[in-house]
Amino acid sequence: MGKMKELFIQQRNEQMTDMSDAEYQDWLKSQDDCCGNDCHCEGESATQEEVQAEHDAWWNSLTDEQKQQLYNDQEELFKLTIEEMNHDLSFGK
């Protein structure tokens, strides 16, 4: 990591540790809006219908290959989780 980046990170960490939780929350709110106020990040709650519509639009934007990859990744994660649980259970024996 470059010296400028290290210095920047050190300064940001120092600034954050000097802030109270309320000050930190105020600072977060003062930062640029992450999405142009399109994701309900400013406290406006989304309705279930809006959330479902956004999800459906995202899902419909995926190709069949992308959907299959998501499924495959989820299956792999599930298998790894089961293997970890089995390992953890057998570890104590």
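Asp and Glu count as negative, and like charges are joined into a patch when they lie within 9 Å and their residues have over 30% relative accessible area and no salt bridge. In this predicted model, D73, E76, E83, E84 and D88 form such a negative surface patch. One of these residues, E83, is found in helix α4, which covers residues 64–91.

## Overall architecture

The secondary structure of the protein chain consists of four helices and zero strands. Read from the N terminus, the elements follow the order α-α-α-α.

The protein chain has 93 residues, and buried residues account for 1% of them. Its accessible surface amounts to about 8,500 Å², and carbon and sulfur atoms contribute 53% of this area.

## The aromatic pair

The structure contains one aromatic pair. The ring centres of W58 and W59 are 5.9 Å apart and the ring planes stand at 55 degrees, so this pair is classed as tilted. Planes under 30 degrees apart would count as stacked, and planes over 60 degrees apart as edge-to-face.

Are the two tryptophans W58 and W59 buried, partly exposed or exposed? W58 has a relative accessibility of 40% and therefore counts as partly exposed. W59, with a relative accessible area of 32%, is also partly exposed. The category applies because it lies between the limits for buried, under 20%, and exposed, over 50%.

## A nonpolar patch on the surface

W58 and W59 also belong, with L70, to a nonpolar surface patch. Together, the three residues W58, W59 and L70 have about 280 Å² of accessible area.

The relative accessibility of L70 is 38%, so L70 counts as partly exposed.

Conventions: Residues are numbered from 1 along each chain as its sequence is written. This is a predicted model: local features need pLDDT of at least 70, side-chain atom pairs count only at pLDDT 80 or more; totals for chains, interfaces and linings use all residues. Side-chain values use heavy atoms; hydrogens and water are left out. Helices (H or I, at least four residues) and strands (E, at least two) are DSSP runs, numbered from the N terminus. Buried means under 20% relative accessible area, exposed over 50%, partly exposed in between (1.4 Å probe, protein chains only). Accessible areas come from the Shrake-Rupley method with a 1.4 Å probe; for residues, only the protein chains shown count as cover. Patches are made of residues with over 30% relative accessible area and no salt bridge: like charges are joined within 9 Å, nonpolar side chains (Val, Leu, Ile, Met, Phe, Trp, Tyr) within 5 Å. A salt bridge is a side-chain nitrogen of Lys or Arg within 4 Å of a carboxyl oxygen of Asp or Glu. The place of a charge is taken as NZ of Lys, CZ of Arg, CG of Asp or CD of Glu. Rings of Phe, Tyr and Trp (its six-membered ring) pair if their centres lie within 6.5 Å; planes under 30 degrees apart count as stacked, over 60 as edge-to-face and the rest as tilted.
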